[in-house]
Amino acid sequence: MITGKTAVVGLIGNPVGHSLSPPMHNAAFEFLGLDYVYVPFQVENALIEDAIKGAPSLNIRGLNVTIPHKTSVLKYLTALDKPAELIGAVNTIKFDEKGSKGYNTDGIGAIRALEEVTPVKDKNVVMVGAGGAARAVAFQLMLSGVESLMIINRTPEKAQRLQQDIEMKLEVNISSGGLENLRSAVSNADILIDTTPRGMYPHADDHPVLSADMMHGDLVVNDLVYNPLETVLLKEAEKVGAKTVSGLKMLIYQGAEAFKIWTGKEAPVDVMERALLNVL
Ligand SMILES: NC(=O)c1ccc[n+]([C@@H]2O[C@H](COP(=O)([O-])OP(=O)(O)OC[C@H]3O[C@@H](n4cnc5c(N)ncnc54)[C@H](OP(=O)(O)O)[C@@H]3O)[C@@H](O)[C@H]2O)c1
């Protein structure tokens with residue numbers, strides 16, 4: 001029951017109506033008996049400063065941040081954690097007496113999802129896509145000590161810009177290229193991560209970025225798309241016996257990290273997963 005003592009956390013974005021975070025976090029609060037509630041707030045671009053500066057006055061304890069505000073919030077925060085600073089984007093904010101600190105848990109969420117199946121340290125990774133999600137995942141892969149990363153994108157210049165941006169900030173083994181490089185890159189890779197929306201509902205029957213004949217059985221294949229749960233890419237991966245990681249796991253673990261930042265408690269990830277499966 002919501003009372004005068006209930007702690008409020010939530011999500012700012014535009015739109016927010018589609019978000020799966022409210023059921024996921026509210027199920028976790030209820031399971032642990034924490035007096036918290038998670039509320040979505042639709043915030044127009046022009047009002048983002050008001051939202052961030054006004055949140056503490058409403059005693060809001062924390063926020064998730066989604067499109068289109070992940071970078072525009074940066075200048076209104078008093079501190080950033082290392083991944084958020086490197087990535088240049090924030091998906092979680094904690095408000096307390098020290099101020100407003102921004103975090104980026106997207107990349108950590110992706111790594112925790114992969115590490116259910118394989119360690120990432122010293123692995124050779126191929127990542128398809130060079131957008132916002134790719135940026136968060138790429139920086140976190142670097143912080144996690146991968147051996148190498150190749151970024152492949154439909155627009156190769158964008159992959160190259162991401163490569164250069166990472167190289168300016170970290171000393172790492174990284175390369176980039178267009179989709180024509182995918183077959184040879186994957187033949188030497190341990191992990192393939194698809195960060196493009198290919199195969200996402202309502203286009204679940206789209207051709208995947210690569211097919212089974214370009215994969216091998218020792219590969220771990222991670223699709224960030226979580227609707228459908230088993231994408232056409234993951235189906236292709238299973239044909240060659242590759243291990244697969246659904247995008248649902250990243251969604252859960254980025255939420256679990258935010259949950260811990262706000263509450264100081266480990267999130268009940270099984271409860272969060274069940275809540276998501278119920279609404280998907
Ligand atoms: N599981 C999770 O928790 C989670 C979290 C975040 C995002 N996601 C998912 O990740 C995906 C990407 O999100 P984002 O925010 O990074 O998007 P974004 O910034 O728009 O980037 C999309 C990337 O995908 C490429 N792309 C788009 N359509 C393509 C196609 N038909 N074929 C090949 N490449 C294509 C784009 O290439 P160009 O540069 O050539 O346009 C770009 O590099 C979405 O499906 C999103 O739902 C999942």
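Into which domains is the protein divided? There are two parts: domain 1 covers 7–104 + 250–279, and domain 2 covers 107–245. These bounds come from an automatic or database domain assignment. The model is predicted, so local features need pLDDT of at least 70 and side-chain atom pairs count only at pLDDT 80 or more, while totals for chains, interfaces and linings use all residues. Residues are numbered from 1 along each chain as its sequence is written, and side-chain values use heavy atoms, with hydrogens and water left out.

Domain 1 brings 14 residues to the contact and domain 2 brings 18 residues, where contact means heavy atoms within 4.5 Å. About 1,500 Å² is buried between domain 1 and domain 2, and carbon and sulfur atoms give 68% of that area. Buried area is the accessible area (1.4 Å probe) that two parts lose on being put together, summed over both. Three residues stand out on the domain 1 side. Leu 86, Met 250 and Tyr 253 supply 45% of the area that domain 1 buries against domain 2, more than any other three residues.

Now look at the polar links across this boundary. Between domain 1 and domain 2 there are 4 residue pairs in polar contact, with both residues at pLDDT 80 or more. A polar contact is a pair of N or O atoms within 3.5 Å; within protein, one must be able to donate a hydrogen and the other to accept it, and residues adjacent in sequence count only if both atoms are side-chain atoms. Two elements give two or more residues to the side of domain 1 that touches domain 2: α3 (82–87) and α9 (247–263). Of these, α9 gives the most, with 6 residues. Helices (H or I, at least four residues) and strands (E, at least two) are DSSP runs, numbered from the N terminus. By class, this side of domain 1 has 9 nonpolar, 2 polar and 3 charged residues. Ala, Val, Leu, Ile, Met, Phe, Trp, Tyr, Cys and Pro count as nonpolar, Asp, Glu, Lys and Arg as charged, and the others, Gly among them, as polar.

Next come the charged pairs. Side chains of opposite charge can pair when their charged atoms come close. The structure holds 11 salt bridges, each a side-chain nitrogen of Lys or Arg within 4 Å of a carboxyl oxygen of Asp or Glu. The count between domain 1 and domain 2 is 1 salt bridge. Elsewhere in the list, Lys 70 and Asp 106 pair through their side chains at 2.8 Å, N to O. Lys 70 lies in the loop between β3 (60–65) and β4 (79–80) and Asp 106 in helix α4 (residues 106–115), so the pair ties together parts that are 36 residues apart in sequence.

Turn to the ligand. It is surrounded by 20 residues, and the closest are Ala 130, Ala 133, Asn 153, Thr 155 and Arg 198; a residue counts as near if one of its heavy atoms lies within 4 Å. A polar side-chain atom of Arg 198 is 2.8 Å from a ligand nitrogen atom. A polar backbone atom of Gly 132 lies 2.9 Å from a ligand oxygen atom.

Finally, check the backbone. A cis peptide bond joins Asn 14 and Pro 15, with omega about 10°. Pro 15 sits in the loop between β1 (7–13) and α1 (21–32).
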